[in-house]
Amino acid sequence: MTGKPIPEANADTRPFWDACNRGELLVQHCRACGHRQFYPRGLCQRCRSEDLAWQTAEPRGRVYSFTIVHRAPTPAFRADVPYAIALVDLADGVRMMMNIVNCDPERVAIGMPVNIVFEQRDGQAVPQAEPA
Amino acid sequence: MRARVVISGVGDTPVGALEDSSCMSLHAQAARDALADAGLGFDDVDGVLCAYSLVEPHPMLSSVFCEYVGIEPGFNAVVQAGGASAAIMLAQAAALVAAGQCRHVLIVLGDNRLTGMTRDKAVAALAQFGHAQFEQPYGISIPAAYALVAQRYMHDYGVTPEQLAAIAVTHRAHAARHPNAHMREPITVADVMASRVIASPLRLLDCCPISDGAAAIVVSTPGIDTDKPTVALLGSGQGHTHEHIVAAPSLTDFGCKQASRLAFEQAGVTAADIDVAEIYDSFTITLLVELESIGFFERGEAGAAAAAGELTHGGRLPCNTHGGLLSYGHSGAAGGMFHIVEAVRQLRGEAGDRQVDGAELAFAHGDGGVLSAHCSLILGRL
């Protein structure tokens, strides 16, 4: 028990979170207009089509921006400070938020290549990024 | 110029640690003062707009307020758009008055999140702005979300931490001129740089404090008999691009661009015509991004301008003359209303030691979420 928030899947996101538990990262792809989107939704954010397919994303990307957090928002994160939060642009063209794990926070930089790994959190695997 | 809608009254409580306050008592106090300022009473109010409270959260806060003060208005609703709430409420009230649906709309916002809840609880409650599945699991906070913007913006436009610090220093100097401000002790760039890191690159003094306080405005149909200069809403506009920072289409361009463009168009003025600006400044980076996105300064220039004194009296754009959220204080939804109250006082010539000479046209702007929801207002003295 880490005490950190555990994502609660809903109808939009259940396939994504189930895939995380298999070690796989899924991104929604719109069959109508070709748009890829994250986070998962019930319709395409660009053309509003509901004809969406799940595609396995390449588990790598680059840091678009980051911050090193020294003031935890809740007690669950207090033991981790300082920790890195990054916006990671996946090679497949979508942006996700992750922690940069297995890395000295001092080393995190914009443009840094990362690989996606999965952190086990009470029965739910959560995608994280580590230096490539 | 003949206005269809005027701002007939403004009111605010002290700001800071108000030990004997409750969320609703602060609402009532600000409302009473704004109505008195307009020469009106509670029974003249036929429209009410409230926002939200972290200390006393309720799905019907405006009904709670009306019950608390004992009024039964013909229109009553809540607007929740974070720090953009106050500006959006003013635009909405103006629409109600212009449409003839109301004669006097009371807008009131406030909270006592400094003394009414622990700092830890306030920080945790604010983290709820993050996406429950795709942001909160990573320990996101409001400062961390803005820090993501800051890091990228500094990378792209060469903004330095010292330039951000200059914004904080300017705001503190302004607050020292306001008797009600929460943080009035002067600070230097070195003080900001020496303050502890909250979420890099943002340090403690890059962040606004948590304050108790409330503010209210009365929006009326013209014709009230008053000896005060008349202040009118000349234009407003909004821009909404996202809620969660993970879904923001850009980390350098935000809805303030559209919001300000629409407001300037409606008022028939440009940024160069503005005498005084009161712009949402939850963090130093918030103001810098807005100043450059709106077009008051070129990209990468607002930081240097702040350091050169361009954001204070006698500078190119006197900005946040009350001290802003950074130093005047941040009382939840009321934070964005303090900017508007200050704009009205500047236009009336009632700003005392912090008066901008000859202020006739003011720009006020609210930002909710993580630069997510924006509303710009152009206010003018008639």
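A residue is counted as buried if 20 or more other C-beta atoms lie within 10 Å of its own. The model examined here is predicted. By that cut-off, the buried residues of helix H6 of chain B are B:Gln163, B:Leu164, B:Ala165, B:Ala166, B:Ile167, B:Ala168, B:Val169, B:Thr170, B:His171, B:Arg172, B:His174 and B:Ala175. These are 12 of the 15 residues of H6(B), so the helix is largely enclosed by the rest of the structure. The packing partners of its buried residues belong to chain B as well. They are helix H7 (189-194), helix H9 (284-294), helix H10 (302-307) and helix H11 (324-328). The length of H6(B) was also checked. The helix runs over residues 161-175. At 1.5 Å a residue, its 15 residues should span 21 Å. Its end C-alpha atoms are 21 Å apart, which agrees with that expectation.

Helix H1 (residues 23-37) packs with helix H2 (residues 61-69) at an angle of about 70°. The axes of H1(B) and H2(B) are 10 Å apart. Angles of 65 to 115 degrees count as roughly perpendicular, and H1(B) and H2(B) are therefore placed in that class. On the H1(B) side, the contact is made by B:Met24, B:His27, B:Ala28 and B:Ala31. H2(B) contributes B:Val64, B:Phe65, B:Tyr68 and B:Val69. Seven of the residues in this contact are nonpolar and one is polar. None is charged.

Chain A contains an open sheet of three strands. The strand order is S2-S1-S3, and the pairing is antiparallel. Strand S2 (36-37) and strand S3 (52-56) of chain A are the edge strands, each pairing on one side only. Strand S1 of chain A covers residues 26-30. Five bridges join S1(A) to S3(A) in the antiparallel sense. Within the sheet, A:Gln28 stands opposite A:Trp54 of S3(A).

The two chains also meet. In chain A, 29 residues are in contact with 27 residues of chain B. Strand S4 (60-69), strand S5 (83-90) and strand S6 (95-99) of chain A each supply at least two residues to the side that touches chain B. S4(A) gives the most, with six residues. By residue class, this side of chain A divides into 18 nonpolar, six polar and five charged residues.

Note on methods:
Residues are numbered from 1 along each chain as its sequence is written. Chains are lettered from A and ligands numbered from 1 in the order in which they are written. This is a predicted model: local features need pLDDT of at least 70, side-chain atom pairs count only at pLDDT 80 or more; totals for chains, interfaces and linings use all residues. Two strands pair if DSSP finds at least two bridges between them. Helices (H or I, at least four residues) and strands (E, at least two) are DSSP runs, numbered from the N terminus. Axes are lines fitted to C-alpha atoms, for helices over the stretch in contact, and angles run from 0 to 180 degrees between N-to-C directions. Angles under 35 degrees count as roughly parallel, over 145 as roughly antiparallel, 65 to 115 as roughly perpendicular and the rest as oblique. Two residues are in contact if their C-beta atoms, placed from the backbone, lie within 7 Å. Ala, Val, Leu, Ile, Met, Phe, Trp, Tyr, Cys and Pro count as nonpolar, Asp, Glu, Lys and Arg as charged, and the others, Gly among them, as polar. The expected span of a helix is 1.5 Å times one less than its number of residues.
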